[in-house]
Amino acid sequence: MDPNLLYWKSHGQSFLGRVQIWFNILDPSSLLTSNLEIQKAHDDLGSGEKLSGKDQHLLISLSSVHADSGAVLPLIFRPPALMPLSIPWVVASLLPHRSVSPALAWQFLLQSYNAGFNYTHRNSSSEQQSEKRSLRQLLLMAGTVSYATFAGALPQIIISRLHVTSAPLQSFLRFALPIPLSAALAAFSVSVIRSEEKENGVRVFDSNGNPVGISKAAGEKAVRETALSRAALFGTTAAVPNMLTLLLQRRIFQRNSLLVTSIHYSSVALVFALMIPLSFSIFPQLGAIEKESVEKELQAAAVDGHLFYHRGL
């Protein structure tokens, strides 16, 4: 078992514990670390040296190394890069636009980054590299980005193409519809991009950290949990600012639209930043699956009643 997963096994089983760890991991200053320093930090973690939760080597390893392959993650797809890179796209994608083109453009940027992030943080333990597999994955990503871009811009497309002028209907399309839409598209992206884990399974470990085989049931559980956590991230990011904006427009700042708009931008950025560590912490990085839920040939290895798997992110 990778040193990162061994750390999550011993320190990441409670929600509050995971939240604290993720708040430390998401420090953007770790993005300045070189690949050589990252590899050294990962080696130090694997050496068995006891590190505190705020030790820099520990945080660098957890934030920059893939827990299946041991490879250094691409800079722009490391967890600390998610907030600074995504906030402009998230804010712009939730803005009311005057035409369809900017809505599609911002959605394309957001959905493309989400697809890349989901693919980078997949569970790759059962993958076999081949030209056919690479082409299939490329088509899956292109299809996911295209569909999510169009679906994400759907409220603006309806307003523009159907010439919606009713204020209540515009409010519904601009502020209410994006909430379930954002959550559904985030979950959809994870489910499709990481569909191979459900089809081929992922590596599972016993309680001592020894690999015991490949489980499709664990792969399905890993993808489902990650999709739900991503839906919580984007659904909450859309819900809180949009509901706040509607309340302010109707009750407090009816005549000051500029102030309402400023509050909306700020609240989207703030909620998104706070929800990243919270959503990452909903489920453990090292998930557990009950003995009865895995394949029969693996049940004998679950001597204490369950097996472990890397959930991905």
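**Close-up views of a predicted model**

**View 1. Strands S3 and S4 pair in the antiparallel sense, over 5 bridges.** The model shown here is predicted. Ala-288 stands opposite Phe-308 in S4. S4 is mostly covered, with 4 of its 5 residues buried.

**View 2. Strand S1 (residues 202–205) meets strand S4 (residues 306–310) in an antiparallel pairing over 2 bridges.** Phe-205 has Phe-308 as its bridge partner in S4. Val-204 stands opposite Tyr-309 in S4.

**View 3. The open sheet has 4 strands in the order S2-S1-S4-S3.** Its pairing is antiparallel. Strands S2 (211–215) and S3 (286–290) stand at the edges. Each has a single partner strand, so one side of each is left without a neighbour in the sheet. On average, neighbouring strands of this sheet are turned by 40° against each other, direction ignored. In general, strands of a sheet pair through backbone hydrogen bonds.

**View 4. Helix H1 (residues 3–11) lies across S1, S3 and S4.** H1 runs at about 70° to S3. S3 is also one of the edge strands.

**View 5. His-163 sits in the loop between helix H8 (154–161) and helix H9 (167–176).** His-163 has a positive phi of about 50°, although it is not a glycine. Most residues other than glycine have a negative phi. The cut-off for exposed is over 50%.

How values were computed. Residues are numbered from 1 along each chain as its sequence is written. This is a predicted model: local features need pLDDT of at least 70, side-chain atom pairs count only at pLDDT 80 or more; totals for chains, interfaces and linings use all residues. Side-chain values use heavy atoms; hydrogens and water are left out. Two strands pair if DSSP finds at least two bridges between them. Axes are lines fitted to C-alpha atoms, for helices over the stretch in contact, and angles run from 0 to 180 degrees between N-to-C directions. Contact means heavy atoms within 4.5 Å. Buried means under 20% relative accessible area, exposed over 50%, partly exposed in between (1.4 Å probe, protein chains only).
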